[in-house]
Amino acid sequence: MRHGVAGRKLSRTSAHREALMGTLVIALFRHEQIRTTVAKAKEARKVAEKMITLGKSGTVHSRRLAHATVHDKEVLAKLFGPIAERYANRQGGYTRIVRAGFRQGDAAEMAILELVDRPEDTEAEATE
């Protein structure tokens, strides 16, 4: 019985799952939008929201905790700089999952995981 066991296994070992979530979160912060399966997007969202919350606090301890997941120095600097400033007044809900059809090869349900209030969003709305 799985009483009280949260999260998806995604048919991977715990080390592989942890590495997968780290790379998905790094890609999300670098590009601010990624396309993946719905199950992976829902799991990556949990990790990404926690990393942004750590970025908002900005302490040395939170930077070290974030570095355990985000192993890229450039992305870590972006997380504790522009991304933390962008969401300084927001109390959670930093990401959005938009379902994007099915993958052609195996019919897996795909989704777009993106950061809300991205600069591209505001530029597109301003031109309309």
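## About the model

Residues are numbered from 1 along each chain as its sequence is written, and side-chain values use heavy atoms, with hydrogens and water left out. This is a predicted model, in which local features need pLDDT of at least 70 and side-chain atom pairs count only at pLDDT 80 or more, while totals for chains, interfaces and linings use all residues.

Helices (H or I, at least four residues) and strands (E, at least two) are DSSP runs, numbered from the N terminus. Thr36 counts as buried because its relative accessibility is 7%; buried means under 20% relative accessible area, exposed over 50%, and partly exposed in between, with a 1.4 Å probe and protein chains only. Contact means heavy atoms within 4.5 Å. Leaving aside neighbours within four places in sequence, Thr36 is in contact with Leu24, Ala41, Glu109, Met110 and Ala111.

Thr37 is also found in strand 1, which covers residues 33-37. With a relative accessible area of 12%, Thr37 is buried. Not counting residues up to four places away in sequence, Thr37 touches Arg103, Ala108, Glu109, Met110 and Ala111. Thr37 and Gln91 are 54 residues apart along the chain, and their C-alpha atoms are separated by 26 Å.

## Before helix 1: Leu10 and Ser11

Now let's look at the segment before helix 1, where Leu10 has its place. The phi of Leu10 is near 55 degrees, a positive value in a residue other than glycine. Ser11 is found in the segment before helix 1 too, and has a positive phi of about 55 degrees although it is not a glycine.

## Where helix 2 meets helix 4

Two packed helices are described by the angle between their axes and the distance between the axes. Here, the axes of helix 2 (residues 38-57) and helix 4 (residues 73-86) come within 8 Å and cross at roughly 90 degrees. That is why helix 2 is roughly perpendicular to helix 4. Axes are lines fitted to C-alpha atoms, for helices over the stretch in contact, and angles run from 0 to 180 degrees between N-to-C directions. Angles under 35 degrees count as roughly parallel, over 145 as roughly antiparallel, 65 to 115 as roughly perpendicular and the rest as oblique.

On the helix 2 side, Met51, Ile52, Leu54, Gly55 and Lys56 meet Leu79, Phe80, Ile83 and Ala84 of helix 4. The residues of this contact divide into seven nonpolar, one polar and one charged; Ala, Val, Leu, Ile, Met, Phe, Trp, Tyr, Cys and Pro count as nonpolar, Asp, Glu, Lys and Arg as charged, and the others, Gly among them, as polar. Gly55 has its place in helix 2 and is buried, with a relative accessible area of 3%. Its contacts, leaving aside neighbours within four places in sequence, are Leu79, Phe80 and Ala84. The C-alpha atoms of Gly55 and Phe80 are separated by 4.6 Å, although the two residues are 25 apart along the chain.

## The nonpolar core

A nonpolar core is a set of buried Ala, Val, Leu, Ile, Met, Phe, Trp, Tyr and Cys residues joined through side-chain atoms within 4.5 Å. The largest one has 30 residues, and those with the most contacts inside it are Phe29, Met51, Ile52 and Leu79. Helix 1 (14-31), helix 2, helix 4 and strand 3 (109-115) each supply at least two residues of this core. Its largest share, eight residues, comes from helix 2.

Met51 touches Val25, Phe29, Ala66, Thr69, Val70 and Leu79, not counting residues up to four places away in sequence.

## His71 in a loop

Our last stop is His71, in the loop between helix 3 (60-67) and helix 4. At 57% relative accessibility, His71 counts as exposed. His71 and Gly22 are 49 residues apart in sequence, yet 7.7 Å apart in space, C-alpha to C-alpha.

The side chain of His71 reaches the backbone oxygen of Ala68 at 3.3 Å. A polar atom of that side chain also lies 3.3 Å from the backbone oxygen of His67.

Note on methods: Polar contact = N/O pair within 3.5 Å; in protein donor to acceptor, adjacent residues only side chain to side chain.
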